[in-house]
Structures are given as structure tokens and as C-alpha cells.
Amino acid sequence: MTPADLSRCVVRAVRCAVADGELAAGAAAPERVVVERTRPGGVGDYATPVAFQVAKAARCAPRDVAGVLARRLGAEPGIERVEVTGAGFLNFVLPAPSAPAVITDAIIRDIVIRDVRGGAAHVVPADESGLGLRERVVRRSVLRLVTAQGGTERDLPGPLAVAPVARRDGDVVARYGADAACWAMLAVPARETPSFSDALLHQGEANEFFRVRYAHARSRALVRNADQLGFHQEPGDVDDAPALLRLLADHPLVLEAAAYHRAPERLVRNLVELADALLDFQYRVLPQGDEKPSAAHRARLALADAAGTVLAGGLALLGMDAPERL
């Protein structure tokens, strides 16, 4: 079970509990349940507050709802352990993600994101009159995220509270370029004023925006280099990239949470972490010295390519390009 599967599994558990009379008939399951990775020091790998959403209609305490759901979910294949904490949070432990599963998920998700990106004219808010640059940037990114989750502009009730840029819009774009300026605008919550520095112009480790695009370019270079060496990718188990696998497995949950909370900065943080993990992993992808390409190299190449695909898709949802070369 992947983290994205877990979200759907929780929805199904609520529906089944209602159908079997364990929860009141009025306790309808939400269409989508937000499951997020637990914070450092928390219980388990992932958590959801779904019991609080269901409790009122179920006419019982959230912890009681969580107990019903925990018993059901604990019997699901692919879930190692379920615990109820606090007033009714569900916490889960899942097996370590497999490379073939996260690669398949990345490919499927990329098809959806490419469709959103290709239909960009349909994911621009209908009325942007009177909006400042940052308001337009944030609203467009949020709408792309919502559209990628199957929603529409109708799912954006009410205005978004967006702090403006402290400089003139034209000055910011002229100084840093459109993509780098947008990155700075989306890197902090919409209510906070974004900061701009000359680090955005620096092509080096200090620039997170550069690192993300550079990691994508490196993934493309690895594929080209492998082709020159006469081998191609083939999904398989990869046992020396736990951080990269975890981040790729979590990415669908990040997209769901970013759309649900109207928070593109969550995607920004995830892309930075993913880029750093890929840049660390890249040195193990290609054969070294007299080493011959093996099944392990082909599997690592497939994983690196999937990571690059996810980075490109994430940048597209933020409204930015992902160059093949830097």
C-alpha cells in the first residue's frame, strides 16, 4: 500500500463502517481524506484527523470514531499498524515503499499533470482584474493544484488572503526573472510577505530554486549518459535510496495537502527535499570505472528518471519551467 492508497482506504473504511451500522447512518464519508506524514516525534509514519470530520454526524466522540476505523484499517493488507492518539487522530505505520510502486505512481501522476499544464488556459482564474502580481501567481498555482486533484475553480470558495510583494511587481520580475520571482512568492505561506535576495540569481547550492531545477537537469543527463553507455532504465528494487523513495512515495500526499490547504509552499518544500535527495543519489546511478551496467544500475536509473519527472511536474504546477540542461 502506498501513502496515496492509504487516503482512499480511509474513505472506504468510513463508508463500510456506516454501511455495517458501526457508525450512524448520517456519518457520510468525506470525498477526500487528507493524510499527512507525522511530524518529528509523532506516532507512526502518517496521520489523519478524519475522525473529527465524521464525529458530529456520527453523534459520538472523535476518539470513538477513530477506534471504529482503527479496528477496520488494522486488518487491511499493507498497513502494519494503526494507533489512535490524542482526541482522535489516526496514526499509521506502512511498509517501506518499493521503487517499482513509486515509479509507476510517478508516471501515472505525470500524465494528469501534463494534462493540466497543457490546458493552462483552462486553469487560469476567470477573473484576475485588480489583482497584484503575487495574488495572480498564488491563485494560479492553487488552481493548478486543485485541478490536478480533479477539482475546478468552483472548489475555491472565497478569496485567498495574499500578502503583496514589498516592491513594485515589474522591478521584481526584471531583477530576478519571472520563474525565480514566482518561486520566492510561493516559497512562503500566502499570508506572509515574500523576501527576495540576490541568492535567487546565484547558480549554486545556496539557491533552492536552482537546486530543484539542477536536480531535474541532472536526472535528464543521467538518462542521456546511460544511453551513451548502452543501457536503459528498468524498474526494480533499489535498496540504497531510502530517503528518495520516501519522498517520492509521500509526493501524492503533499499534492493533496497543498491543494486542500491552498498552500503551494508545501509543494515548494517537498521539491527542495526531493531535489537534495536526488542530488545525493545521482552518484550511485551510473557504473563507475570498469564496472559493467547491471540490473541494479537500470533500476537506479529508473528511480532517478522518476524523480526528475516528479520535479518537472511539481515545477509545472507552480507555473515554472524545468530545463533539460543547466
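1. **A bend, defined.** The bend at a residue is the angle between two axes, one fitted to the seven residues ending there and the other to the seven starting there. Helix α9 bends by about 40 degrees at His251. A proline, Pro252, follows within four residues.

2. **Ground rules.** This is a predicted model, in which local features need pLDDT of at least 70 and side-chain atom pairs count only at pLDDT 80 or more, while totals for chains, interfaces and linings use all residues. Residues are numbered from 1 along each chain as its sequence is written, and side-chain values use heavy atoms, with hydrogens and water left out. Helices (H or I, at least four residues) and strands (E, at least two) are DSSP runs, numbered from the N terminus.

3. **The sheet.** In what order do the strands of the open sheet stand? The order is β1-β2-β4-β3, with 4 strands and antiparallel pairing. Two strands pair if DSSP finds at least two bridges between them. β1 (36–37) and β3 (81–85) stand at the edges. Each has a single partner strand, so one side of each is left without a neighbour in the sheet. As background, strands of a sheet pair through backbone hydrogen bonds, either parallel or antiparallel.

4. **Strand by strand.** Start at β1. β1 pairs with β2 (residues 46–48) in the antiparallel sense over 2 bridges. Glu36 has Ala47 of β2 as its bridge partner. Next, 3 bridges join β2 to β4, and these strands run antiparallel. Here Thr48 is partnered by Leu90 in β4. Last, β3 and β4 (residues 89–93) run antiparallel and are joined by 5 bridges. Val82 stands opposite Phe92 in β4, and Val84 has Leu90 in β4 as its bridge partner.

5. **The hairpin and its cover.** The hairpin of β3 and β4 has 3 residues between the strands. Gly86 in this hairpin takes a positive phi near 60 degrees. Is β4 mostly covered or uncovered? β4 is mostly covered, with 4 of its 5 residues buried. Buried means under 20% relative accessible area, exposed means over 50%, and partly exposed lies in between (1.4 Å probe, protein chains only).

6. **The largest pocket.** A pocket is found on a 1 Å grid over the protein atoms alone, as an open set of points where a 1.4 Å probe fits, with protein on both sides within 12 Å along at least five of seven lines. The largest pocket holds about 920 Å³ of space. That volume is the space filled by probe spheres set on the points, which are joined across faces, edges and corners.

7. **What lines it.** Lining residues have an atom within 4 Å of a point. The largest pocket has 27 of them, and Glu36, Arg37, Thr38, Arg39 and Arg266 lie nearest its centre. The elements giving two or more residues to the lining are β1, β2, β4, α9 (242–260) and α10 (264–281). Which element gives the largest share of the lining? α9 does, with 7 residues. By type, the lining divides into 12 nonpolar, 7 polar and 8 charged residues. Ala, Val, Leu, Ile, Met, Phe, Trp, Tyr, Cys and Pro count as nonpolar, Asp, Glu, Lys and Arg as charged, and the others, Gly among them, as polar.

8. **Back to α9.** α9 has 19 residues and reaches 27 Å from its first C-alpha to its last. This is close to the 27 Å expected at 1.5 Å a residue. The expected span is 1.5 Å times one less than the number of residues. Of the 19 residues, 15 are buried, so α9 is largely enclosed by the rest of the structure.

9. **Two arginines with positive phi.** Arg262 follows α9, in the loop between α9 and α10. Arg262 is not a glycine, yet has a positive phi of about 55 degrees. Arg262 is partly exposed, at a relative accessible area of 25%. Arg59 lies in the loop between α2 (50–58) and α3 (62–73). Its positive phi is about 60 degrees, although Arg59 is not a glycine either. Arg59 is exposed, at 68% relative accessible area.

10. **Helix α11.** The 24 residues of α11 (residues 295–318) should span 34 Å, and the end C-alpha atoms are 35 Å apart, which agrees. In α11, 20 of the 24 residues are buried, so the helix is largely enclosed by the rest of the structure. Gly308 lies in this helix and is buried, with a relative accessible area of 0%. The C-alpha atoms of Gly308 and His216 are separated by 4.7 Å, although the two are 92 residues apart along the chain. Just after α11, Gly319 takes a positive phi of about 90 degrees.
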